[in-house]
Amino acid sequence: MVDYDEGTDVFQQLNMNSAPTFMHFPAKGRPKRADTFDLQRIGFAAEQLAKWIADRTDVHIRVFRPPNYSGTIALALLVSLVGGLLYLRRNNLEFIYNKTGWAMVSLCIVFAMTSGQMWNHIRGPPYAHKNPHNGQVISSIDGKSMETKLDSG
């Protein structure tokens with residue numbers, strides 16, 4: 001395990017400019033290209049990492065995921081809120097035909113889907129990478145160097 005800030009010579013020697021990186025060093029010979037786990041292409045999925053480790057070392061890691069009830073709870077909460085709103089407003093449902101309200105909801109959805117956060121969610125870029133020309137560590141989120149971010153607070 002090598003720290004990115006303290007082991008820059010190791011990262012330069014292995015031609016790596018981003019962290020974290022998983023590498024397998026075989027007992028005989030030099031590491032091949034397939035011995036480096038490609039986080040940019042495959043991602044941080046535990047199942048994929050376990051499969052990659054099993055392919056190279058014959059060590060099988062079983063990944064157990066607890067059930068995720070957040071989607072079910074969110075759907076039940078949404079149905080309850082909409083049902084409660086319609087029940088409380090059952091005598092006056094004119095707000096459903098309000099064009100301005102629907103326009104505002106549509107604009108909020110459009111802005112959320114075209115924002116940089118949605119791009120980051122879909123693409124999953126690394127948080128920071130090293131510029132190969134000058135060695136400066138740059139944040140992928142706002143393009144500022146990490147030293148500038150630390151100095152400005």
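**Figure 1. Helix α5 covers residues 99–113.** Its 15 residues reach 21 Å from the first C-alpha to the last. That is close to the 21 Å expected at 1.5 Å a residue; the expected span is 1.5 Å times one less than the number of residues. Helices (DSSP runs of H or I, at least four residues) and strands (runs of E, at least two) are numbered from the N terminus. N98 caps the N-terminal end of α5. One of its side-chain oxygens lies 3.1 Å from the backbone nitrogen of T100. A polar contact is a pair of N or O atoms within 3.5 Å; within protein, one must be able to donate a hydrogen and the other to accept it, and residues adjacent in sequence count only if both atoms are side-chain atoms.

This is a predicted model, where local features need pLDDT of at least 70 and side-chain atom pairs count only at pLDDT 80 or more, while totals for chains, interfaces and linings use all residues. Residues are numbered from 1 along each chain as its sequence is written, and side-chain values use heavy atoms, leaving out hydrogens and water.

**Figure 2. The whole chain, by its elements.** The chain has seven helices and four strands. Along the sequence they follow the pattern α-β-β-α-α-α-α-α-β-β-α. Of the 153 residues, 13% count as buried. Buried means under 20% relative accessible area, exposed means over 50%, and partly exposed lies in between (1.4 Å probe, protein chains only). The accessible surface comes to about 12900 Å², by the Shrake-Rupley method with a 1.4 Å probe. Carbon and sulfur atoms hold 60% of that surface. Among contacts with a separation of 6 or more, 20% join residues 24 or more positions apart. A contact means heavy atoms within 4.5 Å.

**Figure 3. Two spans listed by UniProt.** An unreviewed UniProt entry lists residues 69–88 and 100–119 as "transmembrane region". Such annotations may be inferred rather than shown by experiment. The end C-alpha atoms of residues 69–88 lie 28 Å apart, and this span is 95% helix and 0% strand. For residues 100–119, the end C-alpha atoms also lie 28 Å apart. This span is 90% helix and 0% strand.

**Figure 4. Helix α3 and the residue that follows.** Helix α3 has 12 residues and reaches 16 Å from its first C-alpha to its last. The expected value is also 16 Å, at 1.5 Å a residue. Its buried residues are A50, W52 and A54. Strands β1 and β2 are among what covers them. Just after α3 comes D58, with a positive phi of about 60°. Most residues other than glycine have a negative phi. D58 lies in the loop between α3 and α4. D58 is exposed, with a relative accessible area of 63%.

**Figure 5. H24 in the loop between β1 and β2.** H24 counts as buried because its relative accessible area is 18%. H24 touches P31, D35, W52, R56 and T57, leaving aside residues up to four places away in sequence. One of these partners, W52, is a buried residue of α3.

**Figure 6. P20 in the loop between α1 and β1.** Helix α1 covers residues 8–13, and strand β1 covers residues 22–23. P20 is partly exposed, with a relative accessible area of 44%. Leaving aside residues up to four places away, P20 touches L39 and F44. L39 is 19 residues from P20 in sequence, and their C-alpha atoms are 8.2 Å apart.

**Figure 7. N131 in the loop between β3 and β4.** Strand β3 covers residues 128–130, and β4 covers 137–139. N131 touches Q136 and I138, not counting residues up to four places away in sequence. S18 is 113 residues from N131 in sequence, yet their C-alpha atoms are 9.2 Å apart.

**Figure 8. Confidence along the chain.** The mean pLDDT is 80, and 90% of residues reach 70 or more. This score is the predictor's confidence in each residue, from 0 to 100. Among the elements, helix α4 (residues 70–88) has the highest mean, 94. Helix α7 (residues 146–152) has the lowest, 47. Over residues 148–153, pLDDT stays under 50. The model has four contacts for this stretch beyond four places in sequence. Where pLDDT is low, the predicted coordinates should not be read in detail.
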